[in-house]
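Work through the exercises below with the model open. Try each task before reading its solution.

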Amino acid sequence: MAGLPDLNPDEQQPGYSFADLQEECSETLTDADKKELFYFFLRYDCRNIVRLLKNPAAETEPFGNLSREQYEDLLTSARELTFNVHRYPAFMSIFAREFPYNKDTEGYFPEDEMLLQYIEYCIANCKSKVMREWFQLELDITNMLTAMLARKQGWALGQYVKGEGELQTMIRENKSKDFDLGLVYDFAKEVVKIVDESDPVKKERMIDALKWLWLDEQVFLDPFCFDAVFAYFAKLEIQNRWAKLDVETGKETFRQIIDDLRGEARVPDEFKAPTPAGGYNKSER
C-alpha cells in the first residue's frame, strides 16, 4: 500500500493500471487475502455470464476470476440435467440454467437480477466485515434511490425494492418522503439530495462521491490492512469507470462533492463507543 500512488477523486485518468494492480496483488497478497478479493472480481464474471447468455460470441470484460473456457464450461454444465454447480458459485449456474425461461418475461432485466444475486452472495460469504458492509451499502443506496424516485413519480414500490431487511421493510411500510430512513441511516440525507439532482452526470458523481468517502472512512485508522487494499481497488474501479466517459466536465464537480461530504462527515466509528451488534452506518453510532 505504501508504494501505490494516491488516488485523487478529481484526476481525469487513474493513477494506476487496474491490470497492474491485479498482477502486483497476485504476487504479494496471502492466499487468504486473494480469496477475499475473489468476491470483488466476481462482479466481472457475473457481467460476462450475462453477456454470453445473451450472445455466445460476445467479447468478455477483463479482470474476472474465470477464463473464457470456464465461462463456456459453466454455461454448458448449467444445461445438463444433473448439472454440477460446485465448480462455480451456485447462484451463477442456477441463473444460467433459468435464463432461457426468464429472458422473455416482462420486467425481467438479467443484468439487474444477476447483480442482486451477486451482492447477496457476497454479503453472505465475505469474511471481511468492511467488504460485507460495502456490498450492503451498494444494495441500500440502490434501494433508497429507487424507492425515492418511485415515490416521486407515483409508482408502486413493491416491484422496485430488492432483497429483504430492515431498510426494505421501512421503505414498504413508511409513508414519509424519505421513509424515515434518515433516523436510522446517516447517509439517507445525501441520497435525498441525489434524488433531487436534475443533472444525470452530477447525480452519478454524487453517488460515487458518497461511496468514495465511505471507503476513506473505513480504512482511516489502518491504511495498510487488507481492507485498505480492497478500498483501493474499489476506488480505482470508480476512477476507471469515469475515465471511459467524458469526465472533464465532471472532474471539478466530483472534487467539490467530496469536499462537501467530508465537511459534513461524522467522527469515524473507531473513536466512538461500540454499537449494538448488527448495526451499520446508523445515526446513533
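**Exercise 1. Find the volume of the largest pocket and describe its lining.**

*Solution.* Start with the volume: the largest pocket holds about 1,700 Å³. A pocket is an open set of points on a 1 Å grid over the protein atoms alone, where a 1.4 Å probe fits, with protein on both sides within 12 Å along at least five of seven lines. Its volume is the space filled by probe spheres set on the points, which are joined across faces, edges and corners.

The model is predicted: local features need pLDDT of at least 70 and side-chain atom pairs pLDDT 80 or more, while totals for chains, interfaces and linings use all residues. Residues are numbered from 1 along each chain as its sequence is written, and side-chain values use heavy atoms, without hydrogens and water.

Then sort by class. The lining has 23 nonpolar, six polar and 17 charged residues. Nonpolar covers Ala, Val, Leu, Ile, Met, Phe, Trp, Tyr, Cys and Pro; charged covers Asp, Glu, Lys and Arg; the others, Gly among them, are polar.

Last, the helices. These are DSSP runs of H or I, at least four residues, numbered from the N terminus. α2, α5, α6 (129-153), α9 and α10 each supply at least two lining residues. The largest share, nine residues, comes from α6.

**Exercise 2. How do α2 and α5 pack?**

*Solution.* Take the axes, lines fitted to C-alpha atoms over the stretch in contact; angles run from 0 to 180 degrees between N-to-C directions. Helix α2 (residues 31-54) and helix α5 (residues 110-125) lie with axes 10 Å apart, at about 155°. α2 is therefore roughly antiparallel to α5 (over 145 degrees; roughly parallel is under 35).

Now list contacts, meaning heavy atoms within 4.5 Å. Arg-43, Cys-46 and Ile-49 are among the α2 residues, and Glu-111, Leu-115 and Tyr-118 among those of α5. The contact has twelve nonpolar, one polar and three charged residues.

**Exercise 3. At what angle do α2 and α6 cross?**

*Solution.* Their axes come within 11 Å and cross at roughly 25°. The two helices are therefore roughly parallel. Glu-36, Tyr-39, Phe-40 and Arg-43 of α2 meet Met-131, Trp-134, Phe-135 and Glu-138 of α6. Five of these residues are nonpolar, none polar and three charged.

**Exercise 4. Are α9 and α10 roughly parallel or antiparallel?**

*Solution.* Helix α9 (residues 200-218) and helix α10 (residues 226-243) cross at roughly 165°, with axes within 10 Å. They are therefore roughly antiparallel. Their contact includes Trp-212 of α9 and Trp-242 of α10. By class, it has eight nonpolar, one polar and seven charged residues.

Terms used: Parallel < 35°, antiparallel > 145°, perpendicular 65-115°, else oblique. 1 Å grid on protein atoms, 1.4 Å probe; cavity = no way out; pocket = protein on both sides within 12 Å on 5 of 7 lines; lining within 4 Å.
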